[in-house]
Each structure stands twice: as C-alpha cells, then as structure tokens.
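Trainee: I would like a close look at one part of this model, the packing of its helices. Please take it slowly and keep the parts connected.

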Amino acid sequence: MLISKGRAAILYIFLLVILPIMDSLNGLINGGGNENGLSLGIVYRLVIVMISIIYWCFYGINKKSLIYLLFVFIYLLISAMGSTDYATTYIILLFKLVLPIIVIETIRSLYVNKKFDNKTVNFIMNSWLFLFPLTMIIPYFLGIGFSTYGDSTNITQQAQAGFKGFYYAQNDISYVIDILYLYVINKISIHTKTLYIIEYIMVLIVSLIMGLKGNYLIIIVVTVYYIFKGSKNSKSKLQKFVLLLMVIVGIAAIFAFFMNDLNNIIQRWQYFYNKNGFLSFFTSTRSDRVMPTYNWLFETSGIRGLLFGTGYNYTIMIPIFKFVEMDIFDILFQLGFVGVILIYGYYFSIYFKNKRINFYSGAFLLTILISTLSGHVFETALSGVFFAVICAGLIVNSNNNLKEVKDLSEKADCKK
C-alpha cells in the first residue's frame with residue numbers, strides 16, 4: 001500500500017505544516033507570486049488534492065459529502081463553460097474555491113478513522129504560529145521581500161509602504177495573521193508562558209509592519225475583548241494584567257524600531273482618506289464596486305444572472321474591471337444565489353453543528369467577517385487552506401459528532 005496504517009496522517013500533516021514555506025518560496029521564485037498561472041503554489045496544492053483523493057479511496061468518504069462534492073463540481077464546471085474567454089483563469093479560481101472543502105473532507109475522513117484529532121490540529125496551528133511570522137520577520141531584517149503597497153501616492157519620496165514578505169497578496173497573509181493573533185491571545189488568556197509571550201510579540205510585529213488598517217482594527221477589538229472579558233478569579237486577572245503590559249511594551253518597542261515604516265503607512269492612509277472619503281477609504285474602495293457590478297449583472301443577465309451568476313464575466317465590467325474583493329459578493333456575481341447557498345451552506349453547516357468550540361468557533365466567525373469586508377479568503381489558495389484547518393478544528397474538537405462518525409464509517413464506493 002502507498003500509505004501505511006500506522007503513519008497515515010503524517011504526510012498530510014507535513015503538507016499542511018509547510019504551507020507558509022511553500023507560499024514564500026512561490027513568491028520568491030515568481031517575484032511576488034503568480035495566482036493565475038501554473039506555479040509552485042498551485043503544484044503544491046494539486047499534490048494536496050491528489051493525496052486527498054488517495055486517502056478517500058483508502059479510508060472512505062461520507063456518501064453525503066461525496067454527493068455534495070460531485071454536485072458542486074458539476075455546477076462549477078457548467079459555470080466555467082460559460083466563461084470561455086477566461087477559462088484557464090476562472091478554472092484556477094474555482095479550484096481555489098473548492099480546495100478547502102477537499103481538505104476539510106480529508107481531515108474528517110482521517111478523524112473518523114482515528115488518524116487525526118484535536119492535538120493534530122493544534123500542532124498544525126502551533127507550527128503556523130511560528131512559521132508565518134518567521135517567513136516575514138527574517139526577510140524584513142535581511143532587506144528582501146515585497147512591500148505591502150508598491151505604488152506611489154505622490155506625497156512622499158518613498159513609494160513603498162508596509163511589508164508582506166514574499167507572499168503574493170497582502171489581504172491573504174493579513175487574514176492569516178488576524179486569526180493567529182486571536183489564537184495566540186487565546187492561549188495567553190488560558191495560561192501565560194514565556195513561549196506564548198514570544199509568539200505574541202512575533203505576531204504583533206508582523207501585524208504592525210504590514211500596514212493594513214483592517215488588520216489594526218481587528219487587533220484592537222480582539223485585544224480589548226480579551227482584556228475586559230468577564231472573569232472573577234485572581235489568576236485570570238493576573239493574566240489580563242500581563243497581557244495589557246505586553247501590549248503596551250510591545251507597541252512601544254515596535255514604534256521605536258519601525259517608526260519610519262509606520263510613518264509611510266500613516267501618510268498613505270491620509271492621502272486616500274482625503275481623496276476618497278471615509279466609507280470608500282474604510283472599505284478600500286470595495287463598497288464603490290458593489291452597486292455598479294450588480295446593476296451591470298441585472299441589466300445583462302437579469303434574474304438568471306442573479307440565480308446562477310455570470311462566471312468570470314463580471315470582472316471585465318468597465319470601469320470596475322476587477323473583483324469586488326468581498327467574498328460573498330464575488331461568489332454571488334460568479335455563481336449566483338445558488339452558488340452562495342452551496343458554498344456558505346456547507347461551511348455554516350459545520351459551524352452550527354460544532355459552534356461551542358472555544359477558539360475555533362470564534363475564528364470561524366471572525367473569518368466570515370473578514371471575508372465579507374476584505375475578501376481574499378474563500379477564493380485564495382493561502383487563506384482557503386488556512387480556513388479549512390479552522391473548520392477541521394471545529395469538527396475534531398466537537399463532542400457532538402457521534403452521528404457524523406457513524407455516517408462516516410460507511411465507506412464510499414471508491415474504497416479500495
């Protein structure tokens with residue numbers, strides 16, 4: 001057999017753990033990444049899919065999940081056939097959309113067969129807690145990598161602001177850092193350790209040097225929530241005091257070491273705030289794209305367009321000529337209301353069955369918020385795999401999976 005029973009999940013765990021390394025290498029090789037063509041990042045994810053299918057054949061897959069995946073595949077294939085002018089680009093986009101679902105179902109299958117558990121998910125998250133910040137901090141101090149914003153605002157001689165390492169899109173890595181910040185602050189609120197403090201400082205550093213206002217806002221909200229979270233025991237109060245002290249010292253130190261970077265970021269914000277106004281500035285002009293795109297879709301495709309979408313066609317609408325970059329609207333315009341129900345229904349079915357899981361339920365809701373306001377979660381390769389592990393955390397940490405385990409014990413027809 002290709003996979004031995006004793007070490008069945010090791011290969012999959014390894015493939016997930018090296019996610020930040022592979023995406024950083026992809027950016028290094030391609031000068032910032034190549035989302036629409038064949039790249040190391042895409043090849044890496046194709047390997048994940050192939051290994052997933054092998055696991056399904058070896059351990060089985062829930063029949064309902066298999067039927068769902070087949071239905072989604074057929075629906076996406078029909079949508080791709082309607083975007084012939086951009087078939088390759090759109091197929092890669094749809095591949096990224098379905099990738100996290102494939103990862104979730106693979107972990108679910110491994111979990112049912114006792115090859116994957118909550119300790120495994122925590123190991124992946126703890127590995128990422130080190131690797132993601134390191135893949136940004138090391139290039140920063142070596143003077144290599146890419147700025148978050150590379151365009152000039154004509155208000156400063158420095159055309160660049162922020163830093164994102166070798167990652168392709170700043171929104172993708174920002175989402176990852178947001179959830180990791182929630183993860184590490186949750187760890188500290190439970191137990192204060194030197195290791196956790198180091199992890200916290202690392203995440204805080206990369207958060208601030210990225211220079212994304214949404215990222216800053218989430219950090220503030222999450223920090224305030226945990227500091228003022230109700231608890232009467234003295235141990236919790238001590239941990240909150242330590243957390244508050246860490247935040248103050250950490251921010252003061254970062255301002256001291258990274259003041260020039262922060263000045264460039266603030267100047268850029270001022271420029272676009274004065275240029276576009278508050279709402280457009282707050283949503284990074286995303287709000288400006290929704291109504292023009294909706295009007296175009298309704299005028300060109302009518303009710304049919306609202307129900308089934310227009311595939312990739314809406315992205316060439318003048319003067320928008322791009323994605324809305326708010327996931328729920330992008331999926332709506334691509335796949336219609338039917339597609340929204342298919343994709344969001346799948347994820348929320350996982351959440352509502354397992355919504356009492358402490359960190360992972362909060363991370364799920366924060367993911368939905370970020371994907372709605374900033375996009376770049378459901379349809380990007382980096383964020384999608386990360387989100388898949390969050391959903392897997394809900395599944396493997398739940399105490400309400402008895403029926404699901406029974407159902408999943410029935411092997412699919414593809415079992416060897």
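Mentor: pLDDT is the predictor's confidence in each residue, on a scale from 0 to 100. This is a predicted model, and the mean pLDDT of the protein chain is 81, with 76% of its residues at 70 or more. Two stretches fall below 50. One of them is residues 1-6, which has 10 contacts in the model beyond near neighbours in sequence. Another is residues 400-416, where the pLDDT is also below 50 and the corresponding number of contacts is 30.

Now to the packing itself. Two packed helices are described by the angle between their axes and the distance between the axes. Take helix α4, residues 63-81, and helix α14, residues 327-353: their axes come within 12 Å and cross at roughly 155 degrees. An angle over 145 degrees counts as roughly antiparallel, and α4 and α14 are therefore roughly antiparallel to each other. Their crossing is left-handed. On the α4 side the contact is made by Tyr68, Phe71, Val72, Tyr75, Leu76 and Ser79, and on the α14 side by Gln334, Leu335, Val338, Gly339, Leu342, Ile343 and Tyr346.

Asn62 sits in the loop between α3 (40-59) and α4. Buried means under 20% relative accessible area, so Asn62, at 8% relative accessibility, counts as buried. In sequence Asn62 is 43 residues from Glu105, while in space the two are 8.3 Å apart, C-alpha to C-alpha.

The axes of helix α1 (residues 10-17) and helix α6 (residues 118-142) come within 10 Å, and they cross at roughly 30 degrees. Angles under 35 degrees count as roughly parallel, and α1 and α6 are therefore roughly parallel to each other. The crossing in which α1 passes α6 is right-handed. From α1 the contact takes Ile13, Leu16 and Val17; from α6 it takes Thr120, Phe123, Ile124, Ser127, Trp128 and Leu131. Of the residues in the contact of α1 with α6, seven are nonpolar, two are polar and none is charged.

In short, the pair α4 and α14 is roughly antiparallel with a left-handed crossing, whereas the pair α1 and α6 is roughly parallel with a right-handed one.

Key
Residues are numbered from 1 along each chain as its sequence is written. This is a predicted model: local features need pLDDT of at least 70, side-chain atom pairs count only at pLDDT 80 or more; totals for chains, interfaces and linings use all residues. Side-chain values use heavy atoms; hydrogens and water are left out. Axes are lines fitted to C-alpha atoms, for helices over the stretch in contact, and angles run from 0 to 180 degrees between N-to-C directions. Helices (H or I, at least four residues) and strands (E, at least two) are DSSP runs, numbered from the N terminus. Angles under 35 degrees count as roughly parallel, over 145 as roughly antiparallel, 65 to 115 as roughly perpendicular and the rest as oblique. A crossing is left-handed if the near helix is turned anticlockwise from the far one by less than a right angle, and right-handed if clockwise. Contact means heavy atoms within 4.5 Å. Ala, Val, Leu, Ile, Met, Phe, Trp, Tyr, Cys and Pro count as nonpolar, Asp, Glu, Lys and Arg as charged, and the others, Gly among them, as polar. Buried means under 20% relative accessible area, exposed over 50%, partly exposed in between (1.4 Å probe, protein chains only).
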